[in-house]
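These are my notebook entries on a single protein structure. I set down what I looked up, in the order in which I looked.

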Amino acid sequence: AAAAAAAAPTGKGKGKGKAKGALAAPPPPPPQKAKGKGKGADATPAVLRPGTITGKASNRNPSLLCLRWKVFRAPEDPSKVDDSMKRRLEALGASSERQDERQALFPTNETIFDLHDEEEVSGPSREVLSMFFTKSASTSSWRLPSQNSMSSAKSDDDWRKSMLGDKVRMLGILIQKHMMDFRCQTAQEAIFSIRQAILHCDFDVVSVERLVSIRRALRQLDNGNKVCEFVQQRGEAALWQVEYAELHQLVWQLSTIPQISERLDCMLFQISFPENLAACISSLNTLRKAMGMLNMKRKRIQHFFLTAHRLGQALNRGSSAQQAIEGFQLSALEKLAQTKSTTHQKFSVLHFVLALMSKSDPGPLFDDQEMALLQHAKILRTHKVFQDVVDLVQGMYGARNVCEIGQYTCPETRTTVKIERRRTSLPAKAHAMAARSPSQAASPDGEALVDSNDRFFEVLRAFVEENLTEVESIAEGAFQVMLTYKELAVYFGDLQSVYPPPKSDKDPKKDLCEIFCNFAQDVRKIREEGELETLLEKIQRASEPVPET
């Protein structure tokens with residue numbers, strides 16, 4: 001028989017409310033006495049539905065959707081059924097010799113609805129019916145709690161009060177956005193959708209922003225321990241009698257997922273991996289090019305350093321200033337631009353070095369493309385690129401450990417947690433105990449069945465197998481870049497000042513790319529002034545012997 005489900009109709013009155021769109025029908029008015037001489041029946045009292053979050057919770061079971069289907073009125077007589085199709089097949093040569101066998105397989109007096117004594121058919125639980133078939137209008141009546149209702153909502157019993165603290169609004173916004181994005185009719189449907197998406201690792205449903213919000217809320221709520229304790233003491237059904245019942249249901253449903261916090265970490269790593277991988281590849285290429293460019297220009301840079309060294313040694317000879325017999329530190333490059341001539345204030349020592357170099361090497365030390373490359377490398381910061389690669393590689397190895405031995409190591413605390421599969425046969429109180437203590441997760445009847453919806457390990461294993469080789473290649477590339485960085489630092493004779501690269505601006509060390517970027521900018525600024533030729537002429541005139549009088 002054909003089956004069809006019909007939702008509750010939406011009212012079309014001309015009300016003056018400010019809300020847009022179709023709203024759920026309001027609850028019936030309070031009981032009133034019928035007017036007139038007839039016998040009047042009392043009106044049905046108002047019922048609060050789990051689909052609506054209010055300051056007080058519902059004490060009634062939700063009304064369920066009606067199934068408008070056609071039913072059998074009496075057994076059908078097979079002899080009266082149109083058998084023209086069978087006759088057409090027989091006309092085409094189809095054999096009817098197996099008719100007796102078919103009748104043995106399907107006795108004529110038995111239907112699919114006949115139940116044998118030895119068979120058992122279990123129906124859905126009340127919780128399943130409540131979650132999937134609660135009657136609702138085309139637009140959900142659930143609304144985000146306002147600040148006033150959040151602060152003034154009270155309950156007669158303490159155990160009915162919210163256990164979510166100031167996370168009510170955060171979780172409410174999460175549910176509301178999910179309902180809007182995926183057109184969920186009720187908050188329960190949104191909760192189920194979010195939980196299933198996390199179990200399936202469906203990143204089309206749970207975005208980075210949603211995963212971050214869930215992880216932040218659960219961590220601040222200690223992974224929902226209060227809600228789990230409540231369920232363990234009073235049962236899951238009691239959650240519908242708590243303030244903001246749907247929000248507590250969300251925390252509870254997520255808490256039933258084993259090691260939810262660690263799973264969210266792995267999922268966030270996986271969903272952000274393509275972007276992070278592309279960023280690491282691009283940053284490493286930039287640093288590799290910058291290091292390669294400095295390595296290729298070693299001869300010209302050496303020419304500059306030797307010229308500056310001789311000029312500085314000549315200036316410091318016979319003075320209290322230190323003699324740089326073995327050379328000078330890279331930080332001295334800034335001093336060259338800051339130290340001015342005593343007779344020509346517009347010229348610095350750097351002016352003089354470049355002017356002296358131009359006699360044999362008139363070209364620019366760095367062209368525009370090389371300048372842009374050094375500027376980009378300076379912004380990236382060598383240590384930041386290195387740390388990003390390390391995080392990427394460690395995250396991938398951590399995901400591999402989860403797949404191979406089921407253990408996850410937190411990057412911040414370095415604590416190890418065993419991630420387990422979700423079990424299906426655990427009752428609510430057992431789930432609550434498991435959420436609080438994984439060692440108590442076993443069911444009283446023995447090993448529980450693994451939830452087939454939990455695809456976390458399968459999805460993570462496929463992700464690791466697909467990307468592990470490329471991540472190891474990235475790690476090798478980062479090693480080569482850091483090796484070149486160190487070799488350049490040794491070549492410039494100032495390893496202690498630039499290696500390892502500084503973590504922040506407060507670090508006394510300096511980044512090699514930053515030093516040469518600032519140096520290249522000073523050189524270009526002087527060349528753009530166009531005073532080097534004038535200075536060189538002055539130097540040449542000053543070098544000419546004074547004629548005898």
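Entry 1, the ring cluster. I began with the aromatic side chains of this predicted model. I found that ring pairs join F304, F305, F328, F366, Y491, F492, F516 and F519 into a cluster. I then looked up the total for the structure, which is 15 aromatic pairs.

How are the rings of F304 and F305 arranged? Their centres are 6.2 Å apart and their planes stand at 65 degrees; planes over 60 degrees apart count as edge-to-face, so this pair is edge-to-face. I noted that F304 and F305 are both buried.
I turned next to F366 and F519, whose ring centres are 6.2 Å apart. Their planes are at 90 degrees, so this pair is edge-to-face. F366 and F519 are both buried.

I checked Y491 and found R298 over the face of its ring, 4.9 Å from the ring centre.

I asked which residues have the most contacts inside the largest nonpolar core. They are I198, F304, L330, F366, F456, F516 and F519, in a core of 114 residues. Helix α10 (residues 260–296) gives the largest share of this core, 16 residues.
I then listed the contacts of F516, setting aside residues up to four places away in sequence. F516 touches L294, I301, F305, L330, F366, L374 and F492.

Is R210 buried or exposed? Its relative accessible area is 11%, and the limit for buried is under 20%, so R210 counts as buried. I placed R210 in helix α7 (residues 208–220). Apart from neighbours within four places in sequence, R210 is in contact with L174, K177, H178, D181, F182 and V205.

The secondary structure consists of 20 helices and 4 strands. The protein has 549 residues, of which 35% count as buried. Its accessible surface is about 34300 Å², and 52% of that belongs to carbon and sulfur atoms. Of the contacts between residues at least 6 apart in sequence, 76% join residues at least 24 apart.

Technical notes:
Residues numbered from 1 in each chain as written. Predicted model: local features only at pLDDT ≥ 70, side-chain atom pairs only at ≥ 80, totals over all residues. Heavy atoms only, no water. Phe/Tyr/Trp six-rings, centres within 6.5 Å; stacked < 30°, edge-to-face > 60°. Buried < 20%, exposed > 50% of the residue type's maximum accessible area, 1.4 Å probe, protein only. Lys NZ or Arg CZ within 6 Å of the ring centre and 35° of its normal. Helix = DSSP H or I, 4+ residues; strand = E, 2+ residues; numbered from the N terminus. Contact = heavy atoms within 4.5 Å. Areas by Shrake-Rupley, 256 points an atom, 1.4 Å probe, with all protein chains shown as cover. Core = buried A, V, L, I, M, F, W, Y, C linked by side-chain atoms within 4.5 Å.
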